[in-house]
Amino acid sequence: MFDEISALPPSPLGLALPRDPRLLRIAQALADDPANGRSLASWAAWAAVSPRTLSRRFPLETGLSFTRWRQHVRLLRALEMLVAGQSVTAIAIDLGYDNVSAFIAMFRRTFGVTPTRYVAPDDP
């Protein structure tokens with residue numbers, strides 16, 4: 001049964017954490033502050049790992065590239081904030097998007113609807 005479960009494609013809302021302590025440190029920092037805009041190289045230096053190791057090991061341990069994993073962290077936080085009633089503009093700014101349109105586009109690509117439609121799907 002566990003083999004079958006592990007063979008399933010990743011859920012769009014699931015987010016695996018890396019096992020490597022250096023990568024886990026980065027993942028936890030990003031989960032605490034998804035708006036942190038450090039580059040991959042800056043994160044690598046912060047965690048005492050080479051950028052190459054970070055970019056190779058992150059997908060092996062999480063199933064997502066570092067960039068995609070960071071996007072998922074932001075989107076998961078966005079869902080929490082939407083449910084809490086925060087505005088789309090405030091969410092985009094709080095999560096470090098350059099502008100509201102960029103946030104809405106990322107949200108739509110991932111969930112198939114705008115953030116407003118996601119929380120109120122029956123509104124005209």
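1. Ala 48 sits in the loop between H3 and H4, where helices (H or I, at least four residues) and strands (E, at least two) are DSSP runs numbered from the N terminus. At 62% relative accessibility, Ala 48 counts as exposed, given that buried means under 20% relative accessible area, exposed over 50% and partly exposed in between, with a 1.4 Å probe and protein chains only. Although Ala 48 and Arg 22 are 26 residues apart in sequence, their C-alpha atoms are 7.1 Å apart in space.

2. On provenance, this is a predicted model, in which local features need pLDDT of at least 70 and side-chain atom pairs count only at pLDDT 80 or more, while totals for chains, interfaces and linings use all residues. Residues are numbered from 1 along each chain as its sequence is written, and side-chain values use heavy atoms, with hydrogens and water left out.

3. The secondary structure of the chain comes to 8 helices and 0 strands, and the pattern read along the sequence is α-α-α-α-α-α-α-α. Of the 124 residues in the chain, 33% are buried. With a contact taken as heavy atoms within 4.5 Å, residues 24 or more positions apart account for 53% of the contacts with a separation of 6 or more. The chain exposes about 7500 Å², of which carbon and sulfur atoms supply 56%; accessible areas come from the Shrake-Rupley method with a 1.4 Å probe, and for residues only the protein chains shown count as cover.

4. The largest nonpolar core has 15 residues, and those with the most contacts inside it are Ile 26, Leu 30, Trp 43, Leu 54, Phe 58, Phe 66 and Trp 69. Such a core is a set of buried Ala, Val, Leu, Ile, Met, Phe, Trp, Tyr and Cys residues joined through side-chain atoms within 4.5 Å. At least two residues of this core are supplied by each of helix H2 (21–32), helix H3 (40–46), helix H4 (51–62) and helix H5 (66–83), and the largest share, 5 residues, comes from H2. Leaving aside residues up to four places away in sequence, Leu 30 touches Asn 36, Trp 43, Phe 66, Trp 69, Arg 70 and Val 73. Apart from this core lies another, of 13 residues, among them Ala 78, Leu 82, Leu 95 and Met 106.

5. Arg 22 meets Asp 20 at 2.8 Å, N to O; Arg 22 is partly exposed because its relative accessibility is 33%, whereas Asp 20 is buried, with a relative accessible area of 9%. Arg 57 meets Glu 61 at 2.3 Å, N to O, and because these two residues are 4 residues apart in helix H4, they are separated by about one helical turn. Glu 61 is buried at 7% relative accessible area, while Arg 57, at 30%, counts as partly exposed.

6. A further salt bridge joins the side chains of Arg 77 and Glu 80 (3.5 Å, N to O), both of which lie in helix H5, 3 residues apart, about one turn of the helix. Arg 77 counts as partly exposed at 25% relative accessibility, and Glu 80 is exposed, with a relative accessible area of 53%. Salt bridges that share partners join Asp 20, Arg 22, Arg 57 and Glu 61 into one network.

7. The count of aromatic pairs comes to 8, where rings of Phe, Tyr and Trp (its six-membered ring) pair if their centres lie within 6.5 Å, and planes under 30 degrees apart count as stacked, over 60 as edge-to-face and the rest as tilted. Phe 58 and Phe 66 form an edge-to-face pair, 5.4 Å centre to centre with 90 degrees between the planes, and both residues are buried. Phe 111 and Tyr 118 form a tilted pair, with 5.2 Å centre to centre and 55 degrees between the planes. Ring pairs also link Tyr 97, Phe 103, Phe 107, Phe 111 and Tyr 118 into a cluster.

8. Tyr 118 is partly exposed, with a relative accessible area of 35%, and together with Val 83 and Val 119 forms a nonpolar patch on the surface with about 280 Å² of accessible area. Patches are made of residues with over 30% relative accessible area and no salt bridge, like charges being joined within 9 Å and nonpolar side chains (Val, Leu, Ile, Met, Phe, Trp, Tyr) within 5 Å. Val 119 lies in helix H8 (residues 115–119) and, at 43% relative accessibility, counts as partly exposed.

Key. Salt bridge = Lys/Arg side-chain N within 4 Å of Asp/Glu carboxyl O.
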